[in-house]
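Let's work through a few exercises together, one step at a time. Keep the structure open beside you as you read.

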There are 2 protein chains.
Amino acid sequence: MERDLAGLLFPGSVAVVGASGTPGKVGHALFRNVAASFNGPVYAVNPKYKELLGRPCVASVEGLPEPVDLAVVVIPAEQVAGVLKSCGERGIRNVVVISAGFKEAGEEGARRERELVRIAREYDMNLLGPNVLGLISTRVGLNATFAPRGAFPGEIAFMSQSGAFCTSVLDWAWHERLGFSHFVSLGNKAVLTEVEFLSAFGADPQTRVIVAYLEGVSDGEAFIRVASQVTREKPVVVLKAGRAEAGARAVSSHTGTLAGSDRAYQAAFEKCGIIRARNVEELFDYAYALAKQPLPRGRGVGIVTNAGGAGVMATDAVEWEGLEVARFTEDTARRLAECMPKAANIYNPVDILGDARADRYKKAVELVAGDPNVDMVVALSAPVAILTYAELAEILAQARRRFEKPFVCSFMAGELGEEAEGLLRGAGIPSFFDPARAVRTLRVLCDYLEIRRRPRPEPRPLEVDRESVRRLVREAISSARPRLGLEAMEILSAYGIPTARGGLARSPEEAARLAQGLGERVVLKIASPEIPHKSDAGGVLVGVDQRAVEERAAMLLRQIRRKFPGARLEGVYVQEMLPPGREVIVGVLRDPTFGPLVMFGLGGIHVEVLRDVAFSVAPLSRDEAQALVHRIRGFPILKGVRGEPGVDVPGLVEVVERLGRLAADFREIVELDVNPLLCYPDRVVAVDLRLTISGEEG
Amino acid sequence: MERDLAGLLFPGSVAVVGASGTPGKVGHALFRNVAASFNGPVYAVNPKYKELLGRPCVASVEGLPEPVDLAVVVIPAEQVAGVLKSCGERGIRNVVVISAGFKEAGEEGARRERELVRIAREYDMNLLGPNVLGLISTRVGLNATFAPRGAFPGEIAFMSQSGAFCTSVLDWAWHERLGFSHFVSLGNKAVLTEVEFLSAFGADPQTRVIVAYLEGVSDGEAFIRVASQVTREKPVVVLKAGRAEAGARAVSSHTGTLAGSDRAYQAAFEKCGIIRARNVEELFDYAYALAKQPLPRGRGVGIVTNAGGAGVMATDAVEWEGLEVARFTEDTARRLAECMPKAANIYNPVDILGDARADRYKKAVELVAGDPNVDMVVALSAPVAILTYAELAEILAQARRRFEKPFVCSFMAGELGEEAEGLLRGAGIPSFFDPARAVRTLRVLCDYLEIRRRPRPEPRPLEVDRESVRRLVREAISSARPRLGLEAMEILSAYGIPTARGGLARSPEEAARLAQGLGERVVLKIASPEIPHKSDAGGVLVGVDQRAVEERAAMLLRQIRRKFPGARLEGVYVQEMLPPGREVIVGVLRDPTFGPLVMFGLGGIHVEVLRDVAFSVAPLSRDEAQALVHRIRGFPILKGVRGEPGVDVPGLVEVVERLGRLAADFREIVELDVNPLLCYPDRVVAVDLRLTISGEEG
């Protein structure tokens, strides 16, 4: 991860192995692009030629006059390993393998790919690919792709797991004059993955925003670690495709990635502050805004329009996106009143009317943008005869420079607005026909503002008894009993989670003994991880009199044995009677990509019917645990409604935090439910538990 | 409403009153547009000229050689009434008043507008405006607007409450080559409103889809009646702006409309099958798709791509929009396997690989489109060297004609895709860079399919005792007691809604008498509409022994009198004790635009914290009542969860239906809550009631 990608991203010399002189061949398109774009030494490697497009051509890697910084390999799959080895021997540390025919092409290809990985490791190489379009680095002017279009220089670093999508984006960005600092096709990610590029782009001063199309993440934990760092410095926008069930199927048929579940991705992205785009339109709208605009200081939006309807639409969008229609200071209101016609609306949204010429528009924009309550400006205009869009664009470009606040605009025009687009682009002002789309890009600036401001303490050290849990987990594994229930309650106690008093009795007599000291009446629960819904199965007796415990425990065991003749019974769990409280559920689930997730939700119908739950990736800082608890819709219920007292939220947050610690410490825990955790105004108590343990760490 | 707008929308002759020869004037732009576009007789009316742009000009309306079908008036506001009267006298029945300076411009303007309405009524005129951009009717080739752009002929009828937005749409549509059948600026809607145009566009065979930008609806009930009819025949797409609190403020400052609440609009649109666009982009994406595409027969989508990533994105979008990735028949799968390369993915999404030429793409599209399980086709392509977008567009246009199924495509390109756009437009195939946006337009076709298929029975006649309720309502009004509580339970009984047994006692003695026959134990509730939360206030006694009723009732009255010395007490309500059941709330609210709304939700936290409620406009058919009950997220709770029995849903639906009838019959009911309605497996029972009555019908 902490690899040095300088030679890959900013090479001083490049060789193209498999460069071709035959138009239509990938090796031709690629070499032509490299030769046309790159100012440093460029070599072709191909035994057929002595020279290609005016550049020296050698027969083999061994014949290169210098160990180039970067070799780009575009030869049949079965020859790649040999060339890679030659590169290693020749001291070439950065290689892009364009060739397809690897993991994506069945078992034989997968074997070939493993061979590449072995060689790359042996020579400590930065290997990009195989199965890629290539890469572009605009600072060194290198286009090492076989795409028909190159890229303009810009502030956006882009990487994509789909090579075809790279071609699409290049063609479209050319059309939109959108520029890139780096442009990388990730391909099969045999060695270098999104993680290394995230880290490199994060450190690149030329890059203002990182944009990625991903179908899966190779190493979830490294991804979270690196992305969490990078997003403090610059925004990262990701389109994660393969979201749906059927989408995931398509992914697996595409680059062989086994995509994790969408909920895990969502939780991971939230944890490390990644901005998620739901589609291509959002991906580039967000990227452009984040690359070109300053960050706002708050959520207040000032709107200036010469058309009432546009103002209404923008205002709708402001509320829809959770931003605020700024309230002007008295000073602004007074000055607007002085210089606007009487029929104008001088309150936000400011409607300067359809007969406004450039001077009136300029005054309004300057007064609104200068108001201290306005953090962002939306400028709107319908086509009018007395004001050209070019004038308007000039006004906005000036104001944008002067006030250093984000500006977006919606000119709501077709051909008439085209003249102004170059001006707006030059000023970095996003412009859309639809005011709602313009406002949406302001929201994403606020999203990133919050991500940057968010405190990111490390999870605190917690006092826990790790040894006891380790022993219990080992026991479960060695006795091949992956499923545990109440008998494992001490796992929770060991991690400082308050549990109901009680214990496991192996016999009715022991039950009677254990019941002493648990109060006049107790609860008896059958302890068997093989009976999922104990209550429904008749496995729970509530309010059992102290004196009747032995008899009732014996009865309970008899009944359950009769009902579930094959089930393994651990005994009877004797537990104190607790008063009714608010039931919540806290769980742990091991995700194949991101490792342990913590789930939180209200109990009963809230989980089962309303699916009102939230996930986070463990371990959790106290802030993260708190955010998780607050995230469910039903949170106000925990705070108390209609005079009912609220529950001990800090205590609850701590249980979530400690369970996150447990999940992170013991990867052997595949699933765990604390259900219910009973919440009272002054404390929380775990009442029941189910977990599954696996010897294979996730 | 059943007005004949033929003369307005398809005039044979047109006069422009206030036509001007001075460039820059609205009267000039307008007359120039009319003269340039319209083939029938065109007259200018202006005492200054004898002739204008080669057309005859007369000094006054009286001087017109014929009573034209349509007069367009563009003169100062204070002269409009006089001209309108002249038009009336001259037998001109259709007038468009372009002039501003009416309701939108303060009290004086409002007075002027009322005068216009009076005159229009007197002469039974179709008056469009005032304060409009004008109208366009492409069938008769008339552009009676002062906009710089006209409109192409097409299948979309458009109306807008914002004139500036009309100008925007015209400019943009020109650029996009989007055509219209009619284009109407609604302005202040003094006489003609969206309702009359909805009806006229509905009857116009040239119009395939109706599109509206509205900030408010003038007559909610007429709107629902007409729209419900029209949407059976053709789709209606509405962007309702002024949604947010602050947006509503902007509306009132814009055209003086008092916008109803967003929830009421949502309920009304659902009732009459209007498709709601959330923003301008959706408005025209939906309009284009609905205008150009055939309706699908189901929700199955077939996807063909030459780029894996694009297929993944489209598949994500299909799931996101609630459509289905079609499962091919064995026949299709076999034939695809026969003609595709081995590495291709022949399951949906079909990935024909980046080296596919036109013939392979064509085969795949034809096999997929021909599959009986495929109702709609998504065609995707990244830029590749061996296949031009023009070839691809031609393939799709042919297949679209042959299979008569909806096609959308995403070419994911910039300049390279431009050559194909004209071909796709000609074939009516929507095309977007973003596959998600393409798929979204398929979803809207399915939305409309469902709207068309939806049964729309009238509300059934119900046996109710209208007289009793009328008496109670009159009493409440005449005694100036707008708020009623338990003492009005018979309103519910009169409408056939089961209520808990019981009655209002004016004295403790009467309470004791009433309690007889209600079981061993009863409930006593203080009856006072002025004490909102009876239970919290100590106004409810549960489980009172028959023999203690008199004493406890007296005590209850004493205590409440002491606690609320000023409150009006109706007495004590004696009610049977009911077993615990599932609590729901059914309510009525009178909306200023759409009249009575019925609300349904689960009781307690579901309403108060989770806001899990749904609204519908009364009266309700049984289907609508059922849909309302099903619409809340928590509906599965009513069906029964985890072994708990469900409740009497048909009984519940009938209560909703009957309450809708009550709300529709008595507009005097401003608000009504049946809370709780207790639901059991075999019955539902209303337990408590609050309502507010107003003498002014809504």
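**Exercise 1. Find out how confident the predictor is in chain A.**

Step 1: Chain A has an average pLDDT of 92, and 97% of its residues reach at least 70. Here pLDDT is the predictor's confidence in each residue, on a scale from 0 to 100.

Step 2: Now look at residues 245-260 of chain A, where pLDDT stays under 50. For this stretch the model has 37 contacts beyond four places in sequence, a contact being heavy atoms within 4.5 Å.

Step 3: For the model, the scores are ipTM 0.90 and pTM 0.92.

A note on the ground rules: this is a predicted model, in which local features need pLDDT of at least 70 and side-chain atom pairs count only at pLDDT 80 or more, while totals for chains, interfaces and linings use all residues. Residues are numbered from 1 along each chain as its sequence is written, chains are lettered from A and ligands numbered from 1 in the order in which they are written, and side-chain values use heavy atoms, with hydrogens and water left out.

**Exercise 2. Work out how chain B is related to chain A.**

**Exercise 3. Describe the contact between chain B and chain A.**

Step 1: Chain B brings 72 residues to the contact and chain A brings 73 residues.

Step 2: Across this interface there are 4 salt bridges (a side-chain nitrogen of Lys or Arg within 4 Å of a carboxyl oxygen of Asp or Glu). B:Glu415 and A:Arg149 form a salt bridge through their side chains, at 3.4 Å from N to O.

Step 3: On the side of chain B that touches chain A, the residues comprise 33 nonpolar, 19 polar and 20 charged. Ala, Val, Leu, Ile, Met, Phe, Trp, Tyr, Cys and Pro count as nonpolar, Asp, Glu, Lys and Arg as charged, and the others, Gly among them, as polar.

Conventions:
Least-squares fit on C-alpha atoms with pLDDT ≥ 70 in both.
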